[in-house]
Amino acid sequence: MSNPNAHKSLAMQSKFTDLLGMFHGVFASTDLMVDWAIGHFLKISYEETHLLTAGLMFGPKCRLLSDLLSRSTHPKKAQLIGAFNKLRGNNKRSVIAHGYIWSDPTRVRFIERIATGDFRVKTHEFTYQTFLEHVKQFIDAGTEFFHALGVSEDELGVFADAAFNLDRKSRTSPDKPD
């Protein structure tokens, strides 16, 4: 029996797209934990944390959290810093989210175009197996960070929902203006 994916690019095979979706889901959860941790270590309210972090890109948030972690007295400080450094060190999130993707049946290349300074191009190539390992390492680091933080899933949900307290809907008068 022939393999229906034999000539299909890896990027279009469900085994790859499932992993890609998992990577993005885990990254969104990581972003939530990073924002929560910033507010926690600054000792500010959830709403203030959302105001502070909503406009920040992941890189600046990581630099801020790194400084906060290094100054903290958290009982699992070393574990937190270790897991956090794994999360931010080699996740390739930016190129996976924003780069071009090119694929053949056995490999995927994420093509990063770097426009700061002299224009450059960098390729990040994966086979299915190497992408699977990349995603697993990212999940493991995120899980380690979550456990070291000591925050519950319920508390992260409360934090996420606090953003709705800041939602400003335009209000219209029930009457027409004069």
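**View 1. The lining of the second largest pocket has six nonpolar, four polar and one charged residues.** Ala, Val, Leu, Ile, Met, Phe, Trp, Tyr, Cys and Pro count as nonpolar, Asp, Glu, Lys and Arg as charged, and the others, Gly among them, as polar. The model is predicted: local features need pLDDT of at least 70, side-chain atom pairs count only at pLDDT 80 or more, and totals for chains, interfaces and linings use all residues. Residues are numbered from 1 along each chain as its sequence is written, and side-chain values use heavy atoms, with hydrogens and water left out. The volume of this second largest pocket is about 190 Å³. Its lining includes Val-26, Met-33, Ile-139, Phe-146 and Glu-153. Helices α1 (14–42), α6 and α7 (153–162) each give at least two lining residues. The largest share, five residues, comes from α1. Helices (H or I, at least four residues) and strands (E, at least two) are DSSP runs, numbered from the N terminus. A pocket is an open set of points on a 1 Å grid over the protein atoms alone, where a 1.4 Å probe fits, with protein on both sides within 12 Å along at least five of seven lines; lining residues have an atom within 4 Å of a point. Grid points are joined across faces, edges and corners, and a volume is the space filled by probe spheres set on the points.

**View 2. The largest pocket has a volume of about 410 Å³.** Of its 17 lining residues, Phe-58, Gly-59, Asn-91, Arg-93 and Ser-94 are the closest to the centre. Elements α3 (58–71), α4 (77–89), α5 (93–98) and β3 give two or more residues each. The lining of the largest pocket divides into four nonpolar, seven polar and six charged residues.

**View 3. Three strands form an open antiparallel sheet in the order β1-β2-β3.** Strands β1 (100–103) and β3 (120–127) are the edges, each pairing on one side only. Two strands pair if DSSP finds at least two bridges between them. Neighbouring strands are turned by 25 degrees against each other on average, direction ignored. Helix α6 (residues 128–149) packs on the sheet and touches β2 and β3. The direction of α6 makes about 95 degrees with that of β3. Contact means heavy atoms within 4.5 Å. Axes are lines fitted to C-alpha atoms, for helices over the stretch in contact, and angles run from 0 to 180 degrees between N-to-C directions.

View 4. Four bridges join β1 to β2 (residues 107–114). Ile-101 has Phe-110 as its bridge partner, and Ser-103 has Val-108. Eight bridges join β2 to β3. Here Glu-112 is the bridge partner of Lys-122, and Ile-111 stands opposite Thr-123.

**View 5. Helix α2 (residues 46–53) crosses α7 at roughly 65 degrees.** Their axes come within 8 Å. The crossing is right-handed, meaning that the near helix is turned clockwise from the far one by less than a right angle. From α2, the contact uses Tyr-46, Glu-47, Thr-49 and His-50. From α7, the contact uses Glu-155, Val-158, Phe-159, Ala-160 and Ala-162. By class, this contact has five nonpolar, two polar and two charged residues.
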